[in-house]
Structures are given as structure tokens and as C-alpha cells.
Amino acid sequence: MEFRLFFLQEKSRTYDKPELITLLTSNPNITPPDSRQIYGDKVYTYHHNVLNFEANFIMASKSVVPHLELLPPKFFDVNFFISFDILLSNYAVEMILDIIEEIVRKFRFYVYCEPFEGEVRLFRRAEIIRTFDAWKKAFAAKFPEQVAGFNRLDSQSISAVYGYLQKRKRLEITYSEEKIQVSDYIFLHTAKSRSAFVAIQWDGDSAFLLPPAVDILIYDDGKISKHINMAEVLSKAEKLFRPIDGYGVIKICDAKNTKKLKKILLKERFAPLNVDVEILSLDKILDV
């Protein structure tokens with residue numbers, strides 16, 4: 001199912017279409033329609049290369065606003081709307097709203113979606129997110145089979161994960177000459193639950209970054225391998241991690257502390273994680 005947000009204008013349906021096209025095509029993440037296309041809807045596809053989600057900005061050949069006749073007559077459909085998957089994370093939708101906010105500010109568009117039930121409104125970011133989140137949860141509750149093949153992380157954790165993934169390439173460049181492991185996430189799940197878990201792996205030797213929202217530390221030095229609850233690790237060794245300047249919640253265990261951490265992980269007692277876990281891809285995780 002798609003969530004659609006329609007753009008309308010007060011007292012006129014005329015706007016500077018070439019300027020809107022310029023705005024869309026100036027975004028490096030947006031692919032324009034085939035220039036040879038003359039008829040039909042023109043679809044400008046936004047694709048986030050790191051987080052791998054899409055949204056379609058559509059210049060429609062005719063109005064597709066549901067029950068347009070019920071909307072206040074002073075508002076005119078400009079035959080332009082955006083459509084994206086109802087199961088996208090709120091974090092992804094916030095990124096799409098960055099583009100929408102620029103559009104409505106520049107062209108003074110109003111917005112409408114089906115949950116507004118006949119009421120055309122000014123664009124308010126927080127209201128759109130609340131509306132989208134409510135519809136997503138209602139959809140998941142009504143059609144549980146549509147989410148049964150996915151695992152779940154809470155919205156706050158997904159936001160933290162996505163934020164780190166966007167910074168990761170820059171961190172790799174920053175630490176490329178310092179022999180510091182810029183940790184990548186490993187996503188895990190069990191067969192009996194929809195819950196997903198966030199893990200990183202450490203070799204027991206390298207200095208490494210600790211990203212946010214990590215549930216499990218996978219220790220593997222080539223001889224010993226075990227999964228350890230990250231909250232327990234931090235309860236015993238938090239002083240060995242320090243925040244990275246300018247990166248908020250991302251921390252580092254630097255070279256002078258790795259031996260101390262290894263000793264704690266091998267000598268201290270940790271609650272066993274007695275469940276079988278399997279690796280999961282990020283595109284199989286929802287926040288609902």
C-alpha cells in the first residue's frame with residue numbers, strides 16, 4: 001500500500017512547472033522520467049542510496065485526488081503528488097519531508113491526504129508524521145500478513161541506526177589511516193519472534209567504534225566466539241569507551257583500552273544468550 005500526499009493551490013491550479021522540475025532534478029537522489037516521454041504521468045523517483053528506500057514525485061496527467069468533489073472549492077488540484085510505501089520507517093519519511101517542505105514553501109502549496117477526511121491543510125511536518133505513523137500502524141493491524149515476513153525494531157532504534165549508516169562513509173575516511181575499525185551493523189533475529197536485534201562484531205584486538213542502538217557484541221578473535229549483551233558490557237566497561245567529538249552518541253574504544261576490554265570479556269561472567277539467531281538484512285526490518 002502507498003501513502004499519498006497531494007499538493008493543492010488556493011484559487012488557481014497554475015504554477016511554475018519548469019521551476020518545480022528544476023527543483024526536483026537538482027536533487028542528486030532524484031531520477032527524472034525518460035525525456036522522450038510525451039504522454040502520461042511523469043514520475044520523478046527519489047532513491048536514497050545508503051538507506052535504500054524510494055519515493056515517487058508524480059506529475060499526473062489528470063487528477064487522482066480521492067473524492068476531490070468533497071474538498072473545499074477554493075482549492076485546486078495541481079495534479080502533482082508524492083507516493084511512498086506505507087511501511088517506510090518514520091526516519092525515512094522525515095527525509096522525504098525535507099524535500100516536500102522545500103516544495104510547499106517555494107510554491108505555497110497546501111497538502112491533502114485521505115486521513116484528513118476532506119480537509120485541505122497547511123503543511124505541518126509533525127502533523128504529517130503523526131498521520132503517517134497512525135495509518136501505518138492501522139495498516140499493520142488490519143493486514144498482519146503484510147508485516148509477518150518482516151522483523152521489528154522500535155522507531156528510536158531505527159532512527160539511530162539510519163543516522164549512523166549515513167555517517168559511516170565519512171567516518172571510514174576520517175579513520176582510514178588510524179587502523180580503527182569503523183563498525184558495521186549486523187542485524188539478527190530469532191525464529192520465534194518478530195523482534196530484531198542490532199549487533200556489531202569485534203576481533204578482540206582492533207580499536208573500534210561503537211555505534212548507537214547496539215544490543216549484542218559479537219566477540220570473535222579467531223579462537224573464541226560468543227555473543228554478549230551490550231548493556232552488560234557497558235555496565236562493566238563503560239569507562240573504556242569515550243564519545244567521538246562531533247558525532248554525539250558514537251563512541252570509540254581506542255588502542256590503549258582494547259586489551260582491558262578483551263580481559264573483561266574473557267574473564268568476567270556474562271548472562272548467556274541461549275537462543276539461536278540468524279542474520280537479517282536491513283530491508284527486512286520495520287518500525288511497526
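I began with strands, and found that E10 and strand E12 (residues 216–220) pair in the parallel sense over four bridges. Strands here are DSSP runs of at least two residues (E), helices are runs of at least four (H or I), and both are numbered from the N terminus. Two strands count as paired if DSSP finds at least two bridges between them. Looking for the partner of Trp202, I found Tyr219 in E12.

A note on the source: this is a predicted model, where local features need pLDDT of at least 70, side-chain atom pairs count only at pLDDT 80 or more, and totals for chains, interfaces and linings use all residues. Residues are numbered from 1 along each chain as its sequence is written, and side-chain values use heavy atoms, with hydrogens and water left out.

Next I turned to E9 (residues 186–189), which pairs with E10 in the antiparallel sense over four bridges. A hairpin of six residues joins E9 to E10, and Phe187 has Val198 in E10 as its bridge partner.

Is E10 mostly covered or mostly open? Strand E10 (residues 196–202) is mostly covered, with five of its seven residues buried (under 20% relative accessible area; exposed is over 50%, partly exposed in between; 1.4 Å probe, protein chains only).

Then I checked the nonpolar cores, sets of buried Ala, Val, Leu, Ile, Met, Phe, Trp, Tyr and Cys residues joined through side-chain atoms within 4.5 Å. The largest has 96 residues, and Phe7, Phe57 and Ile100 are among those with the most contacts inside it. Helix H2 (residues 90–107) gives the most to this core, ten residues. A second, separate core has five residues, including Leu188 and Ala199.
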